[in-house]
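Try each task before you read its solution.

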Amino acid sequence: MTRRMTPLAAAALVAAWAGTAVPAKGEEAKAGQAPQRLSRAGQADRIFVNGRVWTGEPGRPPAEALAIRGTSILAVGTSAEARRHAAKGTEIVDLRGRLVVPGFIDGHLHLVGGSLSLEELRLDDAETFAALAQRVGDWARSRPEAHWVTGEGWTYAAFPDGLPSRAQLDVVVPDRPAWLVSYDGHTGWANSVALRLADVTRATVDPPGGAVVRDATGEPTGVLKESAMDLVARRVPKLLPHEKERALRKGIAQAAAWGLTTVHQAGIGEEDLELLARVLEAAPRLRVYAALDIERDPGPEALARQEALRGRFSSDRLRVGAVKGYVDGVVEAKTAAMFEPYPGGGTGLPSWTQEELDRAVAAYDKAGWQVMLHAIGDRGIDMALTAFERAARANGTSGRRHRIEHVEVPRPADLPRFKAAGVVASTQAMFPYPNRNHLGVYVPTLGPERARRALAFKAIDDAGAVQAFGSDWPVFTAEVVRGIACAVTRTTVEGAPAGGWEPAQRLTVEAALRHFTRDAAFAEHAEGQKGTLAPGRLADFVVLSQDLLALPPERVKDTKVLLTVLGGQDTWRAPEF
Ligand SMILES: [Zn+2]
């Protein structure tokens, strides 16, 4: 399919162009000086011409060029029109036909954890126990000075019964404590030394919202689920601030190279928030919308403390606007809260009663906060929706844009409740990635009826909900092109299974792009500033190596990010651009 512009589209483009001259920030004209304002405001610092610009604006035809002044977009239109904004000193960039899209926004990730994952022992690609043992053993041998062996990323599929044991880890690491966290961050695997140090014994009582897995005789197996993970995790030596800071700088640079201009931080403590603020101040290469950790019983004191942070961090570089909590766990560990039992029994592990959840959500809703709730099982999702609906009714509020994070196994009948209550579906584009863990553990743990309605991105769109895409990095990579490729094919990068897993839920490239830009901006109450390319919006955009919108879905994955621009400044430029 060619992308030549029809005469009608070209005419519309010119019409759209005509209304684009806006004063740059800080240049509001004084009364009676309008002509001068127009000429000054018309000069661009940078002009990008001869491209193909997907603006993300509904109804706006594709454009060819962008003019930038300061941190904002001055104009969007044809190359000839853009050149009219050139003056002495204006930089002109020839895009040579490349596709420009709004800067990518990751609607859900963990920046500190993701950044640390770039340097840690990673177990992601070890799909069998033998491969895991090799990786962990090599790492331990190469670091005899490390007091602990810690790592992350193992999948449930590497173990015949879906869960590992301390005996298996004792063989690999007999001499030191070892603590390995699953790829989703919801299950920990300790060896015997670590259990002993943490004083986890048959007498240990399961903490609320967690489980110490035990064998038939009642001895802990080394597997700790959800809140029980903390029994061991709190014994692991903390990183020094400068180590964390170094990792964070690296993570932010990586995010820019993936084309990200904004990320939504799904929960953060005060210490990490201060660290993040310092790093972003020194190297402003990313915008962060942050959610604080939710308080279970938010009294006036807790609300005042969080309110102070919201007031302090309110710039377009770092903005606190939400709180985030967990309603349930994950599918593979059978901790996601379900209406019907899992094969083998159990209906999951909700972290709250409905009444507790209602109370906390209503308190935050009343105080003007956006609430983000992790909910994966159909019962967990129903609990979150119910809490949001009740809070709006009790407080007489609307437009809070509360969010459900993950929305993995909703009942079809619950999908219309998102639109009706104005709740954003915050989903992760790589979650249907059909690897060994997905097909071998995730799908069988759900069973056929639930698997068919799991990760139903198309059904969520069809129900009229706003759907924001993210990665949940480090659960999956935050490389946006990989996420888009997964959402449009539902295959692995090798193309399996043929036709894709549950192919009826594949999206178009344009829908996937929208979820990573405009819809993610909506999910942070910022669609007026970013997520689309229009005059007056922040100059956040990326240049891609190929025209995603004209490609067969299976070739999307080969797309490279050539240039990332944040507020008019390059934050990433590929060597070949
Ligand atoms: Zn997460």
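Histidine 108 and aspartate 472 are both buried. Keep in mind that this model is predicted.

**Exercise 1. Find which protein atoms are donors of the zinc ion, and where histidine 108 and aspartate 472 lie in the chain.**

Step 1. The donors are His108 (NE2), His110 (NE2) and Asp472 (OD). They lie 2.1 to 2.2 Å from the zinc ion.

Step 2. Along the chain, the donors follow the spacing H-x1-H-x361-D.

Step 3. Histidine 108 is in strand β7, residues 104-109. Aspartate 472 is in the loop between β20 (467-470) and α18 (480-489). The pair is 364 residues apart and links distant parts of the chain.

**Exercise 2. Classify two aromatic pairs by the angle of their planes.**

Step 1. Recall the cut-off: planes over 60 degrees apart count as edge-to-face.

Step 2. The ring centres of tryptophan 154 and phenylalanine 159 are 5.7 Å apart. Their planes stand at 90°, so the pair is edge-to-face.

Step 3. Tyrosine 183 and phenylalanine 476 have ring centres 6.1 Å apart. Their planes are at 80°, so this pair is edge-to-face. Tyrosine 183 and phenylalanine 476 are 293 residues apart in the chain.

Step 4. Ring pairs link these four residues into a cluster that also holds Phe129, Tyr156, Trp189 and Phe431.

**Exercise 3. Decide whether tryptophan 154 and tyrosine 183 are buried or exposed.**

Step 1. Buried means under 20% relative accessible area.

Step 2. Tryptophan 154 has 0%, so it is buried.

Step 3. Tyrosine 183 has 14%, so tyrosine 183 is buried.

How values were computed:
Residues numbered from 1 in each chain as written. Predicted model: local features only at pLDDT ≥ 70, side-chain atom pairs only at ≥ 80, totals over all residues. Heavy atoms only, no water. Donors = N, O, S within 2.8 Å, 3.2 Å for Na, K, Ca; no water. Helix = DSSP H or I, 4+ residues; strand = E, 2+ residues; numbered from the N terminus. Buried < 20%, exposed > 50% of the residue type's maximum accessible area, 1.4 Å probe, protein only. Phe/Tyr/Trp six-rings, centres within 6.5 Å; stacked < 30°, edge-to-face > 60°.
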